[in-house]
Amino acid sequence: MARYTRIPGSLALITLTNPPVNALSIAVRQGIIDTMSRALSDPEVKGVVLCGENRKFCGGADIREFAGPMKGPHLVPTFDSIEAAEKPVVAAIEGVALGGGLELALACHYRIAHVKARLGLPEVTLGLLPAAGGTQRLPRLIGVPAALDLITTGRHVSAQEALKLGIVDRVTDGDAREVAAELARSVSAERPLALPRLSAQPTPRPPDLDALLEAAMAQVRRRARGALAPVACVQAVAAAANLPYGQGMRKESELMDTLFGSGQARALQYCFFSQRAVGKWSMPSGARWDNSAPRPVRKAAVIGLGTMGRGIVVAFARAGIPVVAVEMDAKQLEAGSQAVAGMLERDAARRGAESALGLVRYAADLRDLREVDLVVEAVFEDLALKRQVFGELSTACEPDTLLCSNTSSLDLDQLAAAVRRPELVVGMHFFAPAHVMKLLEVVCGPRSAPAAVATVMQLGKRLGKVSVAVGSCPGFVGNRMLMPYLRQASFLLEEGASPEQVDGALEEFGFPMGVFRMSDMSGLDVGWRVRKELGLTGPGVAPGEPARSRQGSRYCPLADLLCEQGRLGQKTGSGWYLYDGPGGQEARPDPWMRGFLEEYRSLHGLRARPIGQQEVLERCLYALTNEGFRVLEDGMAAGPEDVDVIYVVGYSWPAHTGGPMFHAAAVGLPAVLDRLEHYHRAHPDVPELQPSPLLRKLVAMGSPPIHKWREVIKGIHSQL
Ligand code: COA
Ligand code: ADP
C-alpha cells in the first residue's frame, strides 16, 4: 500500500499508507516497488519524494509478520533499487523513521526531517539487527562510534540530534514534504547528476578501530548479559568497517538468520506486544470492568513530599499536568520543593526543553483542592494515617474527584472505606524513583469503578508509564512474587551458598544485579521494617533446626541479624557485601560473611552442602514463577502477559527471556513442575515450592501455548 501522486515540479510523491505507523507489511513493500518503478519509468518525472500517511514516515518492519515465514518482496533488493535510481529520491521524515523505516530513508539519496520527528534503529530491542542494510549504510554515513551507539542501544534520536550526527540533511518546522520536494527539484536540475549513494561510500575508519570495536563488544556483554542481539549488532558494524559493502551485507544477513531463529527474538517480540496489550483485554477478576471511557485529568494533587511524592509530582509536571503538592511539615515542604525544582531542571536540560516547574504549586494543607480531578496520596505508610487523610480528602475535594493511593502494602479497600465514594478509590503503585521507573501497578479494589480504573490506566500512559492493572492483595503482583524469590535466596545461604554465588548465578541469567547486591543498594532496613510490621521477625534462633517465623513456616533471619548489627547495605558501607565506606558503589565480598554464616549454621545444626548454579536459579526463579501462577489463579492479574510486563519493566527481569511466565513456557511447563516437586520434596516446610494448582492443570492439559492461558484461567474462575 503506497499511494502515487504527481506533484508540481515534475515530481512523484510516494506515500506509504498502512496506519497506524505505516509499517512495512507485504502490501507496503509491494507498493513501494510498484510506485517506484512507475516513477522511474515515467520520463515526465524528474524526482521522487517518499513520505508516510498521517505525517508518520514509517515505524519499520511489520512486527506482526515475524510470527510466520517471510513472504512477499524482500527489503534489501527493494532498498538497493531505490538507491540505484537515476532520479533523486528524497525522504520526507515526519513522526517516526524507525527500524526498516530509517533503513528506507538511508537508501534514499537525501533526508529531510520535521523538527518533531524521531529516528532510530530499535531492532536490537526486539532481539534482531537492522538487516535491510542499516548496519552497513549507517556507519558509512555517520561513522563507526555513532553507528555503534545507535544500533546497539536502539535508542531514538530527535531530528536535531540526527542533524548533528549527519543522519539527515535538513530539519524543518514546516511541511517536510515541501522541503523535500524543493530539494528534489533543485537536485534534478543539476548536471551532471551526482546522487549520493551510501553503499558506494567507504566507511570512515578511525585509527583506533580495533580497540573501539573491542570496547563496544565488552560494553554490550556487560550491559545485556546473555543477550545475543547486541553482540551481533557489534559484529555487523565491524563488518561494515572491515569489508566491502556486498560482503558486509552477507554478514548482516547471516547474523540476522541466527537471531531470527533464536528464542530471544520471539521473547522480545512477545514483550513488545504484551506491553501494548496489557489493560486492553480485561481487568483482574477481582475488579469490575466494562468499556467505561476514561475521564479527563486536567489538574492533579499529590499529598506528601517524601521520596515518592517528589517523584510523582515531577512525573505529572513533566507530562504537562498542573499539580498541587501538599506537605504539612514545613521543613519537608522546603526540602521537597527544592528537590522537585532540581529534578525538573535536570530533566529539562536533558530534553533541551523548558522546565515544567511553573505547573507545580505548593500548599501546606488540603484547603485548595477544589479544582483537582485526581489526587495521589503519598504520606507515611501507615493505615490509620492514610485513612485519616482519605477521610479529609473526601470532604476537601469535589465529590467526583478520583482518590488514589501510592501505598505499596496496605489494603486498598480499607482506605476506600474511609471515604464517601469508595468506587473512586484506586491504587497507583509507583516504583522508586517515581519519575524514572516505567512501571505503574494500577491497583483495583473490589469496589473501584471501571471508569476510575480506566482513567488511571490512561493517566499512567500520559505519565510515560506502562500501566498494568492488578488486584488488591498483599504485595500486589510484583512484590508478592518477589517474596518467595528473596526467601529462596536466603535459604540457599543457610544451606551453604554465599551471597556472591547466588548473585553470580542470577546475573549470569541476565539480571543486572543479584538479590543481595540489590538489597544492599535499596537498604536492608526497608525489608526489616516490613517484616517487623508483619510480625515475621520471630523468636528467631531455635538451635538445632532452621529458624521459623511466628506463623511456623521456615523463616531465615539472616537479613534481620545484619540489620541488628547496623549493616544496612551500601549506605552504611556494609551489608551482604563490603563497600568503600558509607555510600560506596563497588560491592566486594566480605571475608567476615563466611564466618558469620558458618557460625549461624552451626548454631542451627545446619550442614553446608555444595550448591550448584542450577539449583540457585531453579529455586529462586521457579519459586517466583510459581507465585505468578497463584497470582493468575487468584485473579490478581488478567493474564501471564501482565505478570511478565510487570517483571520485565519493573524488576529488570531479562527481557530476552520474555518474563517469568514466558520463560517457564519456553523451558517447558512439565519440566518446571518436575523441578518444583523435586525441591518441595526436599523442603516440605517451604510453601512456595509447592506447585500451584494452575501449573498442574496446565501441564495436565498438555501445556497450551501462553496466549491460551487466559482462557484456561477464565474457565477456572467461571467454575468458582
Ligand atoms: N509493526 C507492527 N505493529 C506496530 C509496529 C510495527 N513495527 N509499530 C507499532 N505497531 C502497532 C502497535 O502494536 C500498536 O498497535 P495496537 O494499537 O493494536 O496496540 C500501534 O501500532 C501503536 O503503537 P504504540 O506503540 O501504542 O504507539 P506509540 O505512538 O506510543 O509509538 C512507535 C509508536 C512507532 C514509536 C512504537 O510503536 C514503536 O516503537 N514501534 C516499534 C518500532 C520498531 O521497533 N520497528 C522496528 C521493527 S524491526
Ligand atoms: P516515601 O514513602 O515517599 O519515601 P515518607 O513516608 O518519608 O516518604 O514521606 C511521607 C511524607 O508525607 C512526609 O514528608 C510527611 O511529612 C508527609 N505527610 C504525612 N502526613 C501528611 C498529611 N496529612 N498531609 C500532608 N503531608 C503529609
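1. Let me start with one arginine. Arg-531 sits in helix 20, residues 524-533; helices here are DSSP runs of H or I with at least four residues, strands are runs of E with at least two, and both are numbered from the N terminus. Is Arg-531 buried or exposed? Arg-531 counts as buried because its relative accessibility is 18%, and the cut-offs are under 20% relative accessible area for buried, over 50% for exposed and partly exposed in between, with a 1.4 Å probe and protein chains only. The side chain of Arg-531 also makes a polar contact of 3.3 Å with the side chain of Tyr-555. A polar contact is a pair of N or O atoms within 3.5 Å; within protein, one must be able to donate a hydrogen and the other to accept it, and residues adjacent in sequence count only if both atoms are side-chain atoms.

2. A word on what you are looking at. This is a predicted model, in which local features need pLDDT of at least 70 and side-chain atom pairs count only at pLDDT 80 or more, while totals for chains, interfaces and linings use all residues. Residues are numbered from 1 along each chain as its sequence is written, chains are lettered from A and ligands numbered from 1 in the order in which they are written, and side-chain values use heavy atoms, with hydrogens and water left out.

3. Now to ligand 1. It has 20 residues around it, and Gly-59, Ala-61, Ile-63, Arg-276 and Lys-280 come nearest; a residue counts as near if one of its heavy atoms lies within 4 Å. Backbone atoms take part here: a polar one of Gly-59 is 3.0 Å from a nitrogen atom of ligand 1, and a polar one of Ile-63 is 2.9 Å from a nitrogen atom of the ligand. From Arg-276, a side-chain N or O atom lies 2.6 Å from an oxygen atom of ligand 1. On its own, ligand 1 has 860 Å² of accessible area, of which the protein covers 75%; such areas come from the Shrake-Rupley method with a 1.4 Å probe, and for residues only the protein chains shown count as cover.

4. What is the shell around ligand 1 made of? It divides into 11 nonpolar, two polar and seven charged residues. In this grouping Ala, Val, Leu, Ile, Met, Phe, Trp, Tyr, Cys and Pro are nonpolar, Asp, Glu, Lys and Arg are charged, and the others, Gly among them, are polar. Helix 11 (residues 263-277) gives the most to this shell, with three residues.

5. Ligand 2 is surrounded by 15 residues, the closest being Thr-307, Met-308, Glu-327, Gln-332 and Phe-380. Polar side-chain atoms of two of these approach ligand oxygen atoms: the one from Glu-327 lies at 2.5 Å, and the one from Gln-332 at 2.6 Å. Thr-307 uses a polar backbone atom, 3.2 Å from an oxygen atom of ligand 2. The protein buries 80% of the 580 Å² that ligand 2 exposes when taken alone. Helix 12 (307-318) and helix 14 (383-396) each supply at least two residues of the shell, which holds nine nonpolar, four polar and two charged residues.

6. Six strands form an open sheet with mixed pairing, in the order 1-2-3-4-6-9; two strands pair if DSSP finds at least two bridges between them. Its edge strands, each pairing on one side only, are strand 1 (2-7) and strand 9 (170-172). Strand 6 (residues 110-114) pairs with strand 9 in the parallel sense over three bridges, and Ile-112 has Arg-170 of strand 9 as its bridge partner.

7. Another open sheet has three strands in the order 5-7-8, again with mixed pairing. Strand 5 (96-98) and strand 8 (157-158) are its edges, each pairing on one side only. Strands 5 and 7 (the latter residues 118-120) run parallel and are joined by three bridges, with Val-96 opposite Arg-118.

8. Strand 10 (residues 300-303) and strand 11 also run parallel, joined by four bridges. Which residue of strand 11 is the bridge partner of Val-302? That partner is Ala-325. In strand 11 (residues 323-326), Val-323 and Ala-325 point one way, Val-324 and Val-326 the other way, and all are buried.

9. Finally, have a look at helix 24 (residues 640-650), where 11 of its 11 residues are buried. Among them are Glu-641, Asp-642 and Asp-644. Ser-652, which follows the helix, has a positive phi near 55°.
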